[in-house]
Amino acid sequence: MKVLVIGGGGREHALAWKIAQSHLVKKVFCAPGNGGISKIATCLPIKANDIESLVKFVQKEGIDLTVVGPEEPLVMGIVDEFEKRGLRIFGPKKEAATIEGSKVFAKEFMKKYNIPTADFAIFSDPDEAKAYIKEKGVPIVVKADGLAAGKGAIPAKTLEEALSAVDLIMIKRAFGKAGERVVIEEFLEGEEASFLVLTDGENVVPFPSSQDHKPVFDDDKGPNTGGMGAYSPAPVITPEIETHIMEDIIYPTIKGMANEGTPYKGVLYAGLIIKDKKAKVLEFNCRFGDPEAQPLLMRLKSDLVKALNAVVDGNLKETLEIDPSPAVCVVMASGGYPSSYEKGKLIKGLEVVEKMDDVEVFHAGTVYKENNFYTSGGRVIGVTAKGKNLPAAIAHAYKAVSQIHFEGVHYRKDIGFKALKHLGRFVGIVMGSLSDKDIMFETKRILQKLFIPSEITVASAHRSPERAIFFAKKAIERGMKVIICGAGYANHLAGLIAAHTTLPVIAVPLSSSPLMGFDALISSVQMPAGVPVAVVSLDKAGAKNAAILAAQILALSDSELQDELKRMKKQMAEEVEMAARAL
Ligand code: AMP
């Protein structure tokens, strides 16, 4: 078979990579493709939304199957145009793709078929939208109806933000016609996850769960991006929740679409929010997610082309064979992304990673020139690795990432950390004052190097004891396993926390007072019986040791972490030795 993949990002590289492995396939083409894709497929200078040129190429070349990556051509009706001419194409027809192309349609559809989603209202008049926002209050989410390159959903924490989102979408028309109508919906709390299925309009075959990371910085800070990384499976989706998703969301959606006379064929992506074991739909997408496709396709053992053919032919009967090893994709982006960034930077180290087992580098924004790859987009590459478990996959992905460099590169250091929290790795860090942050961030940094998620809170034993007690009481329920407290002066913080939890508590005395930390040390170490606090050394050394001690406690039931600790301790010893030799 000759197969054409439409699109030119990391998702399309993963699709082309998987398709090229099929015994059914002789040649893969990609329009327009990118530098990385050009190594495994013939790239064509045709844009993904130039349907006429794509049709002409497919007819001329005798392409047997076309696979559409991005949403835009699907929403424009590429499948209808191909099918009209008897050409085989994978993806939903225009009317079915409206499930992504119009949020108004998606929300009304979900309401009609009782599919769980946030409460909402639809407006075509900005003043009415604003009046509704004022009535409902914040937080609230304002969404442009049409496609807006992933930027059309604006969660607002303040009234001002919400009202200016209406102005941006409906008056300034930042997303053009997509902003003729808005959906205003209830802000949902919970953990996000993605759930993708293949469907021929009737039969449904699920992929394993996955999770994207939209905000640009660690701990979900900063503006949203196309996605800074993903992993699969997502432990927030337990087998019980998966059954609920299939029964209450996926099947009603597929049946509902058929009932509407617009059967849905292709890959259906449900963007979900999970809370209290219940899933609600944030959005539907009519294609694979980018970067979720990268870990999902890396885990797929079945022949993808066979499955895509079955969807096109309407006889999707077999399930997908999935590698039980989890996979993690870390996106390496250009400096400045998601705002403006420079292009044309030489990417170094790819040849080292090529030799690593269980790692694939999927290119998103690269060009290939004179034997080298150069950056050409915001998201540049998605380094995707498998491991025997999630911590191992995360460590392996970051090991590969550490080998690759280009000027200005940035990437998140916490991809997959939400999953690790579910697996029992989570440390709470409390500091008595914001002025302790330089030292206590050292604790966070060491924990991060060991792939241990942590959360920093400011709570003072003296100035905000209720806050500290609340934190201590909630810690177990939130999945924390150890609490580290850093404070100076008469440091009662660790004691106060220890009095309100059964978790191990570690104190880091800080030398912020005129007594140079002697006071903090004595007040941490002198705890009454029944309120144990482990005290480490003062200041930065203490901050580091607290992190390592916490890791050692977690490692009692986490052999992967034991290995990481051994590696870190060895590295620390070597650094000391090197410094000594340099003297
Ligand atoms: P959407 O395009 O609708 O998936 O929205 C993009 C992102 O906005 C989602 O991935 C969420 O992070 C956020 N979001 C969308 N809808 C809501 C909601 N109702 N409550 C909270 N966050 C939301």
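**Notes on the annotated site and salt bridges**

1. Arg-463 sits in the loop between β24 (454–458) and α16 (465–474); helices (H or I, at least four residues) and strands (E, at least two) are DSSP runs numbered from the N terminus. The model is predicted: local features need pLDDT of at least 70, side-chain atom pairs count only at pLDDT 80 or more, and totals for chains, interfaces and linings use all residues. Residues are numbered from 1 along each chain as its sequence is written, and side-chain values use heavy atoms, with hydrogens and water left out.

2. UniProt, in an unreviewed entry, places a "binding site" at Ser-433, Asp-436 and Arg-463; such annotations may be inferred rather than shown by experiment, and positions follow the numbering used here, with feature names shortened. Leaving aside neighbours within four places in sequence, Arg-463 contacts (heavy atoms within 4.5 Å) Gly-432 and Ser-433. Ser-433 belongs to the loop between β23 (427–431) and α15 (437–449).

3. Arg-463 is exposed at 69% relative accessibility (buried means under 20% relative accessible area, exposed over 50%, partly exposed in between; 1.4 Å probe, protein chains only).

4. The structure holds 36 salt bridges (a side-chain nitrogen of Lys or Arg within 4 Å of a carboxyl oxygen of Asp or Glu). One of them joins Glu-283 and Lys-103, with the closest N and O atoms 3.9 Å apart. This pair links strand β17 (residues 278–285) to helix α6 (residues 103–112), 180 residues apart. Lys-103 is buried at 17%, while Glu-283 is partly exposed at 25%.

5. Asp-220, Arg-412, Asp-414 and Lys-418 form a salt-bridge network.
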